[in-house]
Amino acid sequence: MDNQQERLEWEISWLAAFTEGEGWISLAKNSSLQNGKRYFRFDPNCGISNTAKDLIDECVRILNKYGVEHQVVKRKGSGIGKSEPLDRYEIVMRCAGRVGSFLNIVYPYLIGLKKTRA
């Protein structure tokens with residue numbers, strides 16, 4: 001394996017490990033009202049959340065490199081129990097296409113509960 005291939009594998013495995021610790025993979029229950037009748041559907045979503053902007057930036061770099069569409073959301077820190085509130089950054093992927101693109105990359109490297117959910 002050449003250095004470039006090793007680097008690519010390392011990046012993906014790092015992203016998978018970071019997702020195991022700081023991410024989520026779930027289904028969101030959504031509903032709509034049509035002609036007086038309520039309909040439900042379950043949409044996949046996943047993401048990664050952390051207060052360390054540099055780690056989120058690294059995740060974004062890898063996702064961009066592999067063409068995985070995502071959003072980055074900044075949430076203000078609450079400051080509860082802390083002298084200085086820390087902002088939290090979330091990388092969010094909603095809808096089957098985006099979640100599928102992400103999972104196609106990281107799934108082989110997931111080990112724990114996230115692999116079962118994926």
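**A helix contact and its surroundings**

A: The mean pLDDT of the chain is 90, and 94% of the residues score at least 70. pLDDT is the predictor's confidence in each residue, on a scale from 0 to 100. This is a predicted model, so local features need pLDDT of at least 70 and side-chain atom pairs count only at pLDDT 80 or more, while totals for chains, interfaces and linings use all residues. Residues are numbered from 1 along each chain as its sequence is written, and side-chain values use heavy atoms, without hydrogens or water.

The chain holds four helices and four strands. Helices (H or I, at least four residues) and strands (E, at least two) are DSSP runs, numbered from the N terminus. Their order along the sequence is α-β-β-α-β-β-α-α. The C-alpha trace spans about 60 × 40 × 25 Å along its principal axes. Of the 118 residues, 28% are buried, meaning under 20% relative accessible area; exposed is over 50% and partly exposed lies in between (1.4 Å probe, protein chains only). Among contacts (heavy atoms within 4.5 Å) with a separation of 6 or more, 59% join residues 24 or more positions apart.

Now the contact itself. Helix α1 (residues 3–22) packs against helix α3 (residues 96–106) at about 115°, with the axes 9 Å apart. Axes are lines fitted to C-alpha atoms, for helices over the stretch in contact, and angles run from 0 to 180 degrees between N-to-C directions. The two helices are therefore roughly perpendicular. That class covers 65 to 115 degrees; under 35 is roughly parallel, over 145 roughly antiparallel, and the rest oblique. From α1 come I12, L15, A16 and T19; from α3 come F102, I105 and V106. Six of the contact residues are nonpolar, one is polar and none is charged. Here Ala, Val, Leu, Ile, Met, Phe, Trp, Tyr, Cys and Pro count as nonpolar, Asp, Glu, Lys and Arg as charged, and the others, Gly among them, as polar.

Take L15 of helix α1. L15 is buried, because its relative accessibility is 1%. Beyond its neighbours within four places in sequence, L15 contacts I48, C59, I62, L63, F102 and V106. L86 is 71 residues away from L15 along the chain, and their C-alpha atoms are 22 Å apart.

E11 also sits in α1. E11 counts as buried, with 1% relative accessible area. Leaving out residues up to four places away in sequence, E11 touches R61, I62, K65 and Y66.

On helix α3, consider V99. V99 is buried at 5% relative accessibility. Its contacts, apart from neighbours within four places in sequence, are P44, N45, C46, M93 and R94. The C-alpha of V99 lies 9.0 Å from that of H70, 29 residues apart in sequence.

H70 belongs to the loop between α2 and β3 (71–75). At 18% relative accessibility, H70 is buried. A polar atom of the H70 side chain lies 2.8 Å from the backbone oxygen of V68. With neighbours within four places in sequence set aside, H70 contacts V60, L63, N64, I91, V92 and M93.

Technical notes. A polar contact is a pair of N or O atoms within 3.5 Å; within protein, one must be able to donate a hydrogen and the other to accept it, and residues adjacent in sequence count only if both atoms are side-chain atoms.
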